[in-house]
Amino acid sequence: MSRWYIIHAYSGFENKVREQILTDATRLGLETLVEAVEVPTEKVTEVRRGKKVTSDRKFFPGYVLAKLAMNDDVYHLVKNTPKVTGFLGSSGKPQPISDAEAARILNTKEEAAAAPAKTKIKVDFDIGDSVKVLDGPFASFNGVVEELDFDRSRVKVSVSIFGRATPVELEFEQVERVK
């Protein structure tokens, strides 16, 4: 019976470890015992230079999830893979996790259907930071961030117009942090 295990790998080498385990399992004839090998990722939307950029980000760097029918051959296959330091578990023994926990980590389609997936938005400015308006009627004005609304992807900036501080609501892509 296959169970989910967490494999500890060198950070930054998760995808290489995944490919190597799948390749070695096929080479050694163990592909029936290695059901799945996944790297947990999430979609992140960042604002860079005034543009929205969506990318995948590993949210458990250094860890790979694998659904394995554990036996000595599979254990040694994974343990002897380059860039793998071992399994998550006490006293060096691989400790399986529940299917529900694996589904939560991997954000499977069943869970995505139950709860709409939220993409996280990352901006390089915070409340109180000085920003420059890039677009719209206030382009080239400088201001100070007063509020961030991640649900609506909007930012409230206090801009000085005719010597008075005026709050202006803009989209995240319309402003850039002043370095």
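**Strands, sheet and burial**

Modeller: Let us begin with Lys67, which lies in strand β5, residues 63-68. The model is a predicted one.

Colleague: Is Lys67 buried or exposed?

Modeller: The relative accessibility of Lys67 is 19%. Buried means under 20% relative accessible area. Because its value is 19%, Lys67 counts as buried.

Colleague: Which residues is Lys67 in contact with, leaving aside its neighbours within four places in sequence?

Modeller: Contact means heavy atoms within 4.5 Å. With neighbours within four places in sequence left aside, the contacts of Lys67 are Ser2, Arg3, Trp4, Leu33, Val34, Glu35 and Ala36.

Colleague: Which are the edge strands of the open sheet of four strands?

Modeller: The sheet has the order β2-β5-β1-β6, with antiparallel pairing. An edge strand pairs on one side only, and this holds for β2 (34-38) and β6 (84-87).

Colleague: What is the bridge partner of His8 in β5?

Modeller: Strand β1, residues 3-9, pairs with β5 in the antiparallel sense over six bridges. The partner of His8 in β5 is Tyr63.

Colleague: What angle does the direction of helix α1 make with that of β2?

Modeller: Helix α1, residues 14-27, packs on the sheet and touches β1, β2, β5 and β6. Its direction makes with that of β2 an angle of about 165°.

Colleague: Is Thr45 buried or exposed?

Modeller: Thr45 has its place in strand β3, residues 41-48. The cut-off for buried is under 20% relative accessible area. Since the relative accessible area of Thr45 is 8%, Thr45 is buried.

Terms used: Residues are numbered from 1 along each chain as its sequence is written. This is a predicted model: local features need pLDDT of at least 70, side-chain atom pairs count only at pLDDT 80 or more; totals for chains, interfaces and linings use all residues. Side-chain values use heavy atoms; hydrogens and water are left out. Helices (H or I, at least four residues) and strands (E, at least two) are DSSP runs, numbered from the N terminus. Buried means under 20% relative accessible area, exposed over 50%, partly exposed in between (1.4 Å probe, protein chains only). Two strands pair if DSSP finds at least two bridges between them. Axes are lines fitted to C-alpha atoms, for helices over the stretch in contact, and angles run from 0 to 180 degrees between N-to-C directions.
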